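I opened my notebook to look at strands and surface. Here is what I looked up.

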Amino acid sequence: MRVSDEVSAVREAFPDGVFPAACPSRVVIDHVTSKWGLLVLVSLVDGPQRWSELRRRAEGVSEKMLAQTLRTLEADGFVHREAFPVIPPKVEYGLTPLGEELAAHLVPLMGWVARNAHAVVSGRAAAVRV
């Protein structure tokens, strides 16, 4: 989808340009753009993964935060949890169709961040010194 299409969708949803405090989009934005939510969703683009793989890929996430993030994303319909009836227990997490659609928008964002993070952080450090 082109940026102009996205801008049109935003203008249609918020015709007066005001983003109401009680809008359900705030909840979704909070879940999707949380540090761990974003990293988990982008990690799952590569296919279903086990807990340990997600924890390794989202370096620095605590067990508690990963569990909370996965529960939230599952409740929102972005992530599917599949438990296999084997011993030892095996659980995999993957994107739902809604999660795949969302991730298609998040991956370019992460690409932009990866390409520009150093310049942004360097610029911030330079501004603080002035």
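I started with terms: helices (H or I, at least four residues) and strands (E, at least two) are DSSP runs, numbered from the N terminus. Two strands pair if DSSP finds at least two bridges between them.

I noted that this is a predicted model, where local features need pLDDT of at least 70, side-chain atom pairs count only at pLDDT 80 or more, and totals for chains, interfaces and linings use all residues. Residues are numbered from 1 along each chain as its sequence is written, and side-chain values use heavy atoms, leaving out hydrogens and water.

Entry on strands. I found β2 (residues 79-84) running antiparallel to β3, with 6 bridges joining them. The two form a hairpin, and 5 residues lie between them. I looked up F84 and found K90 as its bridge partner in β3. For E82, the partner in β3 is E92.

I then turned to β1 (residues 49-50), which pairs with β3 (residues 90-95) in the antiparallel sense over 2 bridges. Here R50 stands opposite E92.

Entry on the helix. I placed L109 in helix α6 (residues 97-129).
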